[in-house]
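Please look over the sequence and the model before reading on.

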Amino acid sequence: MSLPNARRRLLLGQFASLAALGPWCQRLSAATANTGGAAAQHRLALLVGNGDYPSPHDLPPISKNVMDLGDALVARGFDVTQAMNLDEANLARVTADFVGRIRRAPPNTVTLFYYAGHGLQVDANNLLLGSGTNPEAGRADLLARSLVLQNKLIAALPPRPMALNMTVIDACRTDLRRAFGDRDGLNQVEAPLGSLVCFSTAAGQPAVSPASADQNTFYTASLVKCLRRAAPHTTFQELFRLVKQDVEQTMLGHPLPAIRQLAQRPFIADNAPVPCLVSPAQVAGQAVVQGPTISPQEQSDWEHLLRLTWPVDLLAQTQAFLQHHPASALRESVLLLRDGAAQALTVLRSNQVNLYKTSFVAPATQGHEDLLRAARGDKDAAARIARQHKALGTPQGLLRYEGWLQYAAALGNGIASYDLALHYRETAQPLLAAQAEAQALALGYSPPRGLDHARK
């Protein structure tokens, strides 16, 4: 759906240099959108769509992706910049200008960088391919004609400990025959403080795209749908988990067997300590928005859930909440807690994970938040807790370091699995080291080359 002309204008001011980029680059102002109230936070978004590649690698849905997502973000209070079909030089320039704009913005600014187009990894680096680049080019050409995601964007963004930086990568392919044999997708990454990093599919896996310009890609279609229908109390952290569920359900239920076989399982790396609400008229950090549809008892029961750090207790209490409040406006959020606790409990019962209840009730050295998240199946929070225990330098700390790495790896953290391989190697356990390293690769993590088994 196209935006009204009143909400369209060429990029001006700090981004004036982008107006000459072709085919087009524009800015959509949330100030002119009818959002039902002023945004509580400054919100900035850059949406880059690269669909113009040599045939047969062109991606027809990309323009619709950018337009539809721009609509949804403007309605959520974002000042949106859209840019299409940028070659490597202009992609680097647009990204650098956006990073500079974020650095000059207030510390409570919420930001979102979105890229749809071809993406792949070379030498463990995630590359966003400039428009016109052949994805089958040689390694040197790909490196020269791409943006390195980790260095030029993720690491360049200023920390947002009291707000949120979001990086969303929908790296697509239209040739299903190639997708079946191609498992060299994006590499796993860790999110810096105050960040969410989201890929449209699991690390190391392909993301398929319709061949029609009238359809969205599967991931962006789910993102737009979830953005439009998100409840006032929904956080961005919850939103992307809902998107993940919707993508998986949509593709697993698709009428084409090939699509079902290639069903994407989106990747999320979360290191955002403050809940940030999707609704632009609310203040970030609230546990829940009070309203006529939420009773005092529901509010009390919800806040109790948010304090639980042991998956067994959390699973039982979420089930009790759903039984006592079956029509609650918080039902969707409680289901996310329940599913996360169930996954955590399944992992804890595995023979490969040596972690016990005492590890969840002991205070973390850097706060309580990561324990809460780990109880909900957060693979990244578990890895952070592991490193906190290692830093203690005590025998018990090293035992907990190993246990938390096992837990994080079993939840899908390939980087933690590689750290576990290094730990086993250092403690003269070569068989376990080989198994953990194989698991890291299976989870989509490729360590940088030439580092002699040491991560940067």
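## Basis and overall architecture

The model is predicted, with local features requiring pLDDT of at least 70 and side-chain atom pairs counting only at pLDDT 80 or more, while totals for chains, interfaces and linings use all residues. Residues are numbered from 1 along each chain as its sequence is written, and side-chain values use heavy atoms, with hydrogens and water left out.

The chain has 17 helices and 11 strands, where helices (H or I, at least four residues) and strands (E, at least two) are DSSP runs numbered from the N terminus. Of its 456 residues, 56% count as buried, a term that stands for under 20% relative accessible area, with exposed meaning over 50% and partly exposed in between (1.4 Å probe, protein chains only). Among contacts with a separation of 6 or more, 71% come from residues 24 or more positions apart, contact being defined by heavy atoms within 4.5 Å.

## The largest pocket

The largest pocket has a volume of about 1,200 Å³. Pockets and cavities are found on a 1 Å grid over the protein atoms alone: a cavity is a set of points where a 1.4 Å probe fits but cannot get out, a pocket is an open set with protein on both sides within 12 Å along at least five of seven lines, and lining residues have an atom within 4 Å of a point. Grid points are joined across faces, edges and corners, and a volume is the space filled by probe spheres set on the points.

The pocket is lined by 40 residues, and those nearest its centre are Arg241, Asp270, Arg376, Gly377 and Asp378. At least two lining residues come from each of α7 (236–252), β11, α11 (331–348), α13 and α14. The lining divides into 16 nonpolar, 11 polar and 13 charged residues, with Ala, Val, Leu, Ile, Met, Phe, Trp, Tyr, Cys and Pro counted as nonpolar, Asp, Glu, Lys and Arg as charged, and the others, Gly among them, as polar.

## Enclosed cavities

There are two cavities of 30 Å³ or more. The largest cavity holds about 60 Å³ of space, and of the 11 residues that line it, Ala171, Gly185, Leu186, Thr201 and Gln205 are the closest to its centre. Its lining consists of five nonpolar, five polar and one charged residue.

The second largest cavity holds about 40 Å³, and its lining is made of Ile154, Leu157, Asn165, Met166, Thr167, Pro192, Ser195, Leu196 and Val197. The elements that contribute two or more residues to this lining are β9 (164–171) and β10 (195–199). By class, the lining of the second largest cavity has six nonpolar residues, three polar and no charged.

At its start, a side-chain oxygen of Asp378 comes within 2.9 Å of the backbone nitrogen of Asp380, and just after the helix Gly393 takes a positive phi of about 70 degrees.

Of the 14 residues of α14, 10 are buried, and these buried residues pack against β11 (267–271), α13 (369–374), α15 (395–410) and α16 (414–426). Ala381, found in this helix, is buried because its relative accessibility is 0%. Beyond residues up to four places away in sequence, Ala381 touches Asp370, Arg373 and Ala374, and its C-alpha atom is 8.5 Å from that of Glu369, 12 residues apart along the chain.

Helix α15 has 16 residues and reaches 23 Å from its first C-alpha to its last, close to the 22 Å expected. Its buried residues, including Gly397, Arg400, Tyr401 and Trp404, are covered by elements that include α11, α12 (357–361), α13, α14, α16 and α17 (430–442). After α15 comes Gly412, whose phi is positive, near 115 degrees.

Is Ser279 buried or exposed? Ser279 counts as buried because its relative accessible area is 10%, and, leaving aside neighbours within four places in sequence, Ser279 is in contact with Arg43, Arg76 and Pro232.

Note on methods. A polar contact is a pair of N or O atoms within 3.5 Å; within protein, one must be able to donate a hydrogen and the other to accept it, and residues adjacent in sequence count only if both atoms are side-chain atoms. The expected span of a helix is 1.5 Å times one less than its number of residues.
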